[in-house]
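The points are numbered, and each may be read against the coordinates.

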Amino acid sequence: MWPLKLACLAAVCGLTVCVTGGMLYPRESPSRERKELDGLWTFRADFSPDRNSGFSQAWFKQPLAETGPVIDMAVPSSFNDITQDAELRDFIGWVWYEKEVWVPVRWLQDKDTRIVLRVGSAHYFSVVWVNGVKVMEHEGGHLPFEADIDSVIQKDMSMPCRITVAVNNTLNLHTLPPGTITYMKDRTKYPTGYFVQGYNFDFFNYAGIHRSVLLYTTPRAYIDDITVNTNFSDSTGFVFYNVSVVGSAKPAVKVTLSGKDGRCVATADGTSGILKVPEVNLWWPYLMHENAGYLYSMEVQLTAESGQIDVYVLPVGIRTVEVTSSKFLINKKPFYFHGVNKHEDADIRGKGFDWPLIVKDFNLMKWMGANSFRTSHYPYAEEILQMADRHGIVVIDECPGVGIKDIHSFGNESLAHHLVVMEELVRRDKNHPSVVMWSVANEPAAEMPPAAFYFKQLVAHTKSLDRMRPVTFITASNYARDLGAPYVDVICVNSYFSWYHDPGHLEVIPIQLNTQFDNWYGKYKKPIIQSEYGADAVPGLHSDPPAMFTEEYQKRVLQSYHTVFDQKRKEFVVGELIWNFADFMTSQGITRVVGNKKGMFTRQRQPKSAAFLLRERYWTIANGTGVLPTWAKYPCQ
């Protein structure tokens with residue numbers, strides 16, 4: 001339907017990526033300002049048969065309202081559930097957004113100010129114009145993109161700046177996640193031009209501008225990127241830093257590290273160096289230490305030859321991550337993941353960023369005693385990772401590599417794009433202490449012959465981007481035929497015994513789960529995380545004896561799994577992540593009644609019976625570590 005534009009091409013003998021520059025989170029400082037553009041935007045979906053009228057008629061060259069009928073649209077949000085129009089809810093193709101904004105006069109008058117337009121994320125392929133001039137395009141639905149827009153901003157201070165964004169949610173075999181477009185040609189059943197978007201993942205393909213759009217400024221000579229790695233020895237912490245600068249050939253860089261009380265604990269000069277921190281406060285996971293989530297503030301100050309000054313402050317957590325043949329270690333101590341899988345999903349807003357929902361979710365996770373979550377099945381908003389940093393919640397950071405089932409999705413074109421996505425993900429999230437492992441895919445068809453080369457390249461490239469964190473992918477393949485498993489550091493396995501397999505037969509869970517663990521560990525001698533398990537429960541549906549889809553059955557499934565977990569975590573199982581934290585929307589189908597109901601909470605964040613069961617378990621595990629102060633022990637008030 002539309003030409004897929006990859007950031008770079010693949011060569012059979014050497015795949016390369018070409019992501020350049022930094023992607024620091026826009027923070028205000030004495031030298032930087034930001035202006036959020038969230039709120040109501042003008043919106044129009046291109047319902048033309050080829051979905052191309054917006055380009056052929058150049059809608060970006062004039063106010064969108066002059067091109068035809070428009071509606072109000074909230075940003076950030078998915079567009080799907082905002083109206084009563086089923087055709088828009090299920091729309092596939094190009095949608096157009098527009099907003100006129102006033103740029104502060106001081107930004108326009110100061111020739112030493114650089115103005116950047118940033119989109120937090122838009123699903124899936126985006127093209128952006130400012131005052132009718134194309135400034136950027138981006139492929140991928142969950143990571144930020146930005147461009148300098150100084151040259152295209154109206155210098156006439158009496159005129160607003162018109163920003164136009166076109167977004168296309170079409171998925172094909174080479175996108176991430178992949179999908180297919182099938183044209184229905186039987187005119188006795190379907191109208192002319194009728195097509196269906198297919199995909200192999202179990203969540204609704206929400207689309208639109210999902211995270212904040214903003215303008216921010218830096219000086220012309222500015223801090224483009226910062227990379228930190230940390231370590232410690234005895235009571236001394238080490239922060240290894242590297243600062244990238246643009247616009248200054250001989251920059252003077254001063255780095256200052258301060259504790260929570262604002263006192264300076266270490267300083268250094270230069271674009272790279274080591275900060276030595278005496279009596280270090282390590283970053284510890286929630287419930288692993290009474291002082292969890294400790295963050296230092298690292299202020300980087302750049303002084304250019306011209307005298308221009310740029311300041312950026314980066315939160316830094318000092319901690320280490322290691323993997324042995326049977327343990328996952330944080331700060332050289334065994335860490336056990338007792339957490340959740342999540343989705344960015346809620347009523348009305350879809351995948352749109354929403355602060356009240358995020359705060360609620362973190363309160364619920366801590367109430368449950370969850371110490372971790374996986375960003376299933378795509379990168380979450382940066383603000384969510386910042387919350388995890390502050391609260392000590394450990395994160396397995398996953399890219400959108402879900403639904404890789406077709407052999408054509410293992411080719412060089414797909415691999416080249418996958419490498420770019422991993423580079424963008426690592427570039428964005430590398431400095432978050434909460435992020436302890438990268439996940440490059442979820443449930444791919446890893447038994448297909450091309451999977452060996454694909455995952456060998458993908459894992460190796462991810463490790464080359466970040467040598468401090470382990471790499472995994474989540475598998476549902478047969479242990480003996482999984483061609484990607486040899487290359488990962490931790491085995492993450494999904495299984496739904498007595499649900500998708502032997503449905504209704506709770507009695508098979510112990511033997512099948514024990515067999516699963518013994519097979520995987522016996523072959524690979526690597527620590528194992530049960531990365532998904534669970535069962536659907538319709539809230540308020542009850543049955544005794546337990547029957548599928550009731551709250552009782554969901555509890556029994558969990559209890560049966562937990563019995564085996566408690567045996568195997570004494571050996572080589574290092575974590576359990578329930579599927580799912582909350583109910584979420586899916587595409588319509590005969591196996592889904594208004595979405596997936598495997599949540600511990602409803603989509604409105606109300607607990608099912610299993611939530612209390614899991615809370616009891618997680619706090620029991622946390623109390624067993626012996627590190628919690630008396631006031632923090634279960635039941636947590």
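1. Asn580 sits in the loop between strand E32 (573-578) and H10, where helices (H or I, at least four residues) and strands (E, at least two) are DSSP runs numbered from the N terminus. A cis peptide bond, with omega at about 15 degrees, connects Trp579 to Asn580. The loop between E32 and H10 also holds Arg605, which has a positive phi of about 70 degrees although it is not a glycine. Arg605 counts as buried because its relative accessibility is 5%; buried means under 20% relative accessible area, exposed over 50%, and partly exposed in between, with a 1.4 Å probe and protein chains only.

2. On provenance, this is a predicted model, in which local features need pLDDT of at least 70 and side-chain atom pairs count only at pLDDT 80 or more, while totals for chains, interfaces and linings use all residues. Residues are numbered from 1 along each chain as its sequence is written, and side-chain values use heavy atoms, with hydrogens and water left out.

3. A cis peptide bond is also found between His123 and Tyr124, with omega at about 15 degrees. Tyr124 belongs to the loop between strand E6 (122-123) and strand E7 (125-130).

4. Asp234 has a positive phi, near 55 degrees, in a residue other than glycine. Its place is the loop between strand E15 (222-233) and strand E16 (236-246). Is Asp234 buried or exposed? Asp234 counts as exposed, because its relative accessibility is 73%.

5. The model contains 44 aromatic pairs; rings of Phe, Tyr and Trp (its six-membered ring) pair if their centres lie within 6.5 Å, and planes under 30 degrees apart count as stacked, over 60 as edge-to-face and the rest as tilted. One of the pairs is Phe43 with Phe79, which is tilted because the planes stand at 40 degrees, with ring centres 5.7 Å apart. This pair links distant parts of the chain, 36 residues apart: Phe43 is in strand E2 (residues 39-45), and Phe79 is in the loop between strand E3 (71-75) and helix H2 (86-89). Phe43 is buried at 1% relative accessibility, and Phe79 is buried at 1%.

6. Trp367 and Phe612 form an edge-to-face pair, 5.5 Å centre to centre and with 85 degrees between the planes. Here too the pair links distant parts of the chain, 245 residues apart, with Trp367 in helix H4 (residues 355-368) and Phe612 in helix H10 (residues 609-623). Trp367 is partly exposed at 24% relative accessibility, and Phe612 is partly exposed with a relative accessible area of 44%.

7. Which residues do ring pairs link into a cluster? The members are Phe55, Trp59, Phe60, Trp94, Trp96, Phe125 and Trp129.

8. Two lysines sit over tyrosine rings, a charge being counted over a ring if NZ of Lys or CZ of Arg is within 6 Å of the ring centre and within 35 degrees of the ring normal. Lys366 lies over the face of Tyr286, 5.1 Å from the ring centre. Lys598 lies over the face of Tyr496, 5.7 Å from the ring centre.

9. The largest pocket holds about 850 Å³ of space. A pocket is found on a 1 Å grid over the protein atoms alone, as an open set of points where a 1.4 Å probe fits, with protein on both sides within 12 Å along at least five of seven lines; lining residues have an atom within 4 Å of a point. Grid points are joined across faces, edges and corners, and the volume is the space filled by probe spheres set on the points. Of the 31 lining residues, Ala86, Glu87, Arg89, Asp90 and Phe91 lie nearest the centre of the largest pocket. H2 and strand E12 (195-198) are the elements that give two or more residues to this lining.

10. The second largest pocket has a volume of about 710 Å³. Its lining has 32 residues, of which Glu443, Ala476, Asn494, Tyr496 and His501 lie nearest the centre. Strand E30 (491-494) and helix H8 (509-524) are the elements that give two or more residues to the lining of the second largest pocket, and H8 provides the largest share, five residues.
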